[in-house]
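Here's a quick briefing on the model shown below. Have a look at it first, then read on.

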Amino acid sequence: MFRSNNLAARVFERQILTPRPGASVNLVRHFYENLVPSCTIYDIDCPDHSFRKFTDDGQYLVSFSRNHQDLIVYRPTWLSFSCKGEDCDSHSLPQKAKRFDSFFTQLYCVSLASSNEFICKDFFLYMETHQFGLFATSTPQSHDAPTTEGAIEGVPSIEKITFYLVRLEDGVILDEKAFCNDFVNLAQSMGVFLYEDLLCIMSLRYQTIHILQIWDSGYLVDVRNIGIFCREDDELFINSHAQVANGVLQHQVTQGTSFLSGIKQRLLSFIFCKIWNEEADPTLRVQHLKKKFYFHFQDYVDLIMWKVQFLDRHHLLIKFGSVDGGVARSTDQHPAFFAVYNMETTEIVAFYQNSSEELYSLFEQFYDHFHANSRNSLHTSFISSHSNNMHALDQLWCIKNKANNISQFVKKMMTSLPCTCQSQSPSPYFDLSLFRYDEKLISAAVRHRHSSEHPIKFISRRQPNMLKFKIKPGPEAGGSDGRPKRISSFLFHPYLPFALSIQQTYMQPTVVNIHFRR
Amino acid sequence: MGSLLGDWPSYDPHNFSQLRPADPSAQPSKLTPVTYHPTHNRTLPPPDQVISTEARNILVRQFYQKSEEKLRPKRAASDHLTPDHGYKQPKGAFGDGSSSN
């Protein structure tokens, strides 16, 4: 803890102060209380691109062209100007400093999508170790796709989705992987999870989890596909025995039934074993099974995989639900289940319903581990969550105590599992132990919000009620009286006191403001 | 007395100034605090012990632990009748019935 609030005193104190073990980053972060992005340049004249995100190491700003076909990458720099004379602080910035290219230099513009394909501007994943970026392009979605073998009904189809691996340093497209007549949930990068160098892509239409590895050279290599088969050689095994069982298989195909997929078989056998072991008395076991397992058998068989994430290199957390449950907002009619699957042993380790209090207690205590931060990334380990921050935990407990029905509360919390990769900004200005801010107006989660007229205040935690800085997303003069709906989004640099606020109003040009420390 | 480390800068020069040798005739410069030597070997590690980091993170370990508890078949009802804790003495009148290891 620093003894003084003064920046110079803190710098001197830092020379002799030893932080608590393992908490040196937390101590150094206190300097962000002194260095705040309090100066704003309103409505800066910038190229008309849709700015997506700063990469987590702060090296690049990723943006897409308005026609969703080009990728433009900028390098964030800092403006520099000199001022002759005394009392420079009171001088306002020179006009030529208030330009977009004082803060950003364009590195390159690369075309990713062609003809009828468009870049999904919600999708971007960054591999920090090699500075690779993963982007996705897709053709328009079609809702009445013909049912093909292996595809489940009720899920829309996209003619072609292509993932591109781009080296952000120079814009070279290193590799690409295409999925045809498939559906991957690209919104907010929800259908894909990146952990270290492993990528898992949830193909909803064919109910397959594709595991890929990103090599150092930039190749996207298939590791395994989990769905119909669990092990890599399952398909070979079945095909080699197909001739022997040909008669049987033919018969089954004509009857309209077929084997359940590998992952489904693993799931059902796990549930069976679990329920079998619940009842100690052998005579009552069958009854217990009938009630708990066979009665719901068809419901279990009809479950489909919705979302998946890595827990570590060998374990996946898979969310199962009913076919129409994925798009429904309410969690009541459509129960969801979570399964932990070990890719190496192909066994299901755990299975919970979304109302499980046991799963909720793990969620409350170990939320940081659900985020599966790799050891390589430094700043992502310090994103405030209710598992590492007392204030966030307080907020969670407040909501829990106010909830009428604990089961509803648990289900609501479980909608955030499996976690979406790289969905939160690592900026220290969102650190809840440093600042207090209105989470409805701004938060670490990168998403669009309704804009408010009033500036968003960041108030210091440790000196209560002391306003540190404000972010006013609107134009300088205030909004017009017509009050059209405005959407704001905020892009914070991961470690510099620097942020962009982007305001989009229907039928009006986008306004971009820059907030920085002078 | 002077600092043990000579004249190096220290946070508080009076630290370690209370250290007095048990034997008054001992040289002050050879002053060292008494170190502990164990008199038994009960706490020695086994000779083939290797300490390494647990490969699984705590969350995955919790999942395995909880599912192992559930999958371990429970004892059949007849087993509960045999006194498992026969070596324990029943508590007095004011004790409650809970038994724990």
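How many salt bridges are there between chain A and chain B? The count is one, a salt bridge being a side-chain nitrogen of Lys or Arg within 4 Å of a carboxyl oxygen of Asp or Glu. This is a predicted model, where local features need pLDDT of at least 70 and side-chain atom pairs count only at pLDDT 80 or more, while totals for chains, interfaces and linings use all residues. Residues are numbered from 1 along each chain as its sequence is written, chains are lettered from A in the order in which they are written, and side-chain values use heavy atoms, with hydrogens and water left out.

**Where A meets B**
- The salt bridge pairs B:Lys70 with A:Glu358, with the closest N and O atoms 3.3 Å apart.
- On the chain A side, the elements giving two or more residues are α6, β18 (337–342), β19 (347–353), α9 (357–365) and α10 (367–370).
- The largest share of that side, five residues, comes from α6(A).
- Overall, 21 residues of chain A are in contact (heavy atoms within 4.5 Å) with 17 residues of chain B.
- About 1800 Å² is buried between the two chains, and carbon and sulfur atoms give 69% of that.

**A nonpolar patch on chain A**
- A:Leu260, A:Tyr294 and A:Phe297 make up a nonpolar surface patch, with about 260 Å² of accessible area together.
- Patch members have over 30% relative accessible area and no salt bridge, with nonpolar side chains (Val, Leu, Ile, Met, Phe, Trp, Tyr) joined within 5 Å.
- A:Leu260 is in the loop between α5 (246–255) and α6 (262–278) of chain A.

Notes:
Patches are made of residues with over 30% relative accessible area and no salt bridge: like charges are joined within 9 Å, nonpolar side chains (Val, Leu, Ile, Met, Phe, Trp, Tyr) within 5 Å. Accessible areas come from the Shrake-Rupley method with a 1.4 Å probe; for residues, only the protein chains shown count as cover. Helices (H or I, at least four residues) and strands (E, at least two) are DSSP runs, numbered from the N terminus. Buried area is the accessible area (1.4 Å probe) that two parts lose on being put together, summed over both.
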